[in-house]
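The exercises below ask for a careful reading of one model, and each is followed by a solution worked step by step.

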Amino acid sequence: MYGELGNKLVIHAKRTQALSQLPPYQTDIVRAVTREVRDLNQDINEITNSYEGDFNPSADPARACALLVHHLCVRRNKRCLLAYHRVRSEKIEQMCWNGMDIMEQVQAARVGEGEEESGGSSHALSPEEDEYARQYGDMLAAYKGQWTDIDLTGSLEPPKDLFIDVRVLKDAGEIQTEYGAITLSKNSQFFVRQGDVERLIKQGFLQKLN
Amino acid sequence: MDAMDISDILREFDAENAPSNSKDYEDLLKWWVNERAAPEILQYQDDLVERIMNRVRRQIEHIEDQTGNLDPRANFQLIIIQTELERVKFLIRSYLRTRIAKIDKHALHILSTPTLRHLLSPSEQTYLKTHQALLNELYLSSFLKNFPENLRRLDDSAGGISMVEEPDLDSAVFLRVVRDVDIEIAWEGGETVPMRAGDVYVIRYSAVKEAVKKGEVELI
């Protein structure tokens with residue numbers, strides 16, 4: 001049925017919005033929808049060409065209606081595709097801002113889903129999205145580079161305390177602070193300056209305690 | 001210790017010793033709130049941000065110089081300075097991020113309107129252009145390249161829906177009047193509302209757009 005696949009894409013997009021990780025790219029559906037668009041467009045061209053220029057909609061309402069329906073389907077499919085890709089690209093951008101390693105995320109998603117699908121042959125990102133993620137990351141780094149003192153990707157919560165309690169969730173090695181080096185080993189707890197560990201909290205190495 | 005207590009002390013300190021500094025800080029606060037509350041992108045506060053950034057850099061240097069100091073009094077002072085510094089840094093960060101969020105949201109609208117484009121700082125303009133080029137490339141290589149030529153555009157308005165998202169200038173905003181001003185309401189007959197300093201209104205953004213830019217009212 002016309003537009004059914006497009007609908008699937010939108011449902012996928014909707015689902016993606018609520019997920020913390022990016023689900024695998026639906027290569028097959030995207031390809032099928034694109035093919036549908038091409039086929040429909042071919043039909044449109046055949047219909048219009050058969051009239052050789054002087055087409056009068058009121059003389060042949062059935063044909064006119066077919067044209068209109070074809071055309072609307074094409075447009076709708078385009079919208080569905082755009083929506084799907086935009087939602088995913090926004091997710092990718094968000095990951096870049098959060099300083100997450102995209103490749104690591106992909107790996108994690110694969111491990112998570114691999115248990116059910118056995119093998120993990122599905123790629124979370126399409127090659128085009130991979131490229132996009134890389135370039136967006138570069139661009140973000142360039143913009144951020146002008147604001148090194150501010151750390152643009154830092155927390156958007158208003159700071160309350162200079163120092164906070166953190167618990168170490170994963171071994172994070174040694175970090176340098178103005179009061180000397182601290183070794184962050186798993187399950188230990190520290191009272192540190194928020195600015196020093198912001199990044200590690202975001203990456204999930206540390207947990208902030210109240 | 002409650003965080004609010006510290007900011008009270010700092011405010012007194014600021015008011016006594018450095019009036020121009022605290023003016024800048026208040027301005028930053030004001031433009032940050034304006035930017036967050038206004039539906040459209042506002043003029044980038046180039047000079048203001050530059051002045052504050054200079055001060056931030058000086059404070060960072062000062063902190064680095066003083067870090068070795070073991071005198072407890074200096075140490076306490078340092079903590080206050082650092083807390084204040086974190087706050088200012090947060091303000092600027094949030095200000096810039098708010099702008100980036102708006103730029104991303106209304107990218108094509110801003111790109112196609114020269115007057116809006118000039119409100120951006122040079123690096124924001126670069127960001128906007130590069131980002132749109134990247135997105136375009138993503139769409140094109142993912143599926144648009146297989147589309148018929150006449151359907152590849154990303155900014156047409158056929159079918160009744162424009163593809164370019166614009167800010168809703170008629171959304172309601174809360175504001176406080178800074179200076180007495182008469183606001184013309186776009187109503188049949190062009191009604192005017194006299195606004196007195198200190199008054200608080202809820203009004204359509206489009207009616208007070210100019211007043212916000214001139215600083216006659218501030219959004220809250």
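Predicted model: local features only at pLDDT ≥ 70, side-chain atom pairs only at ≥ 80, totals over all residues.

A residue is called buried if 20 or more other C-beta atoms, placed from the backbone, lie within 10 Å of its own, exposed if 12 or fewer do, and partly exposed in between. Residues are numbered from 1 along each chain as its sequence is written, and chains are lettered from A and ligands numbered from 1 in the order in which they are written.

**Exercise 1.** Work out how chain B meets chain A.

*Solution.* Taking two residues as in contact if their C-beta atoms, placed from the backbone, lie within 7 Å, one finds 34 residues of chain B in contact with 34 residues of chain A. On the chain B side, α3 (46-66), α4 (72-105) and α7 (122-142) each supply at least two residues, and the largest share, 12 residues, comes from α4(B).

Next, consider one pair of helices: the axes (lines fitted to C-alpha atoms over the stretch in contact, with angles from 0 to 180 degrees between N-to-C directions) of α5(A), residues 127-145, and α7(B) come within 10 Å and cross at roughly 175°. Because angles over 145 degrees count as roughly antiparallel, under 35 as roughly parallel, 65 to 115 as roughly perpendicular and the rest as oblique, α5(A) is roughly antiparallel to α7(B). Among the residues making this contact are A:Y132 and A:Y136 of α5(A) and B:Y127 and B:L134 of α7(B).

**Exercise 2.** Which residues have the most contacts inside the largest nonpolar core?

*Solution.* A nonpolar core is a set of buried Ala, Val, Leu, Ile, Met, Phe, Trp, Tyr and Cys residues joined through C-beta atoms within 7 Å. The largest has 27 residues, and those with the most contacts inside it are A:L9, A:V33, A:L81, A:Y132, A:A133, A:Y136 and B:F143. Its largest share, six residues, comes from α3(A). Leaving aside neighbours within four places in sequence, A:L9 is in contact with A:Q26, A:I29, A:V33, A:C80, A:L81 and A:Y84.

Definitions and conventions:
Helix = DSSP H or I, 4+ residues; strand = E, 2+ residues; numbered from the N terminus.
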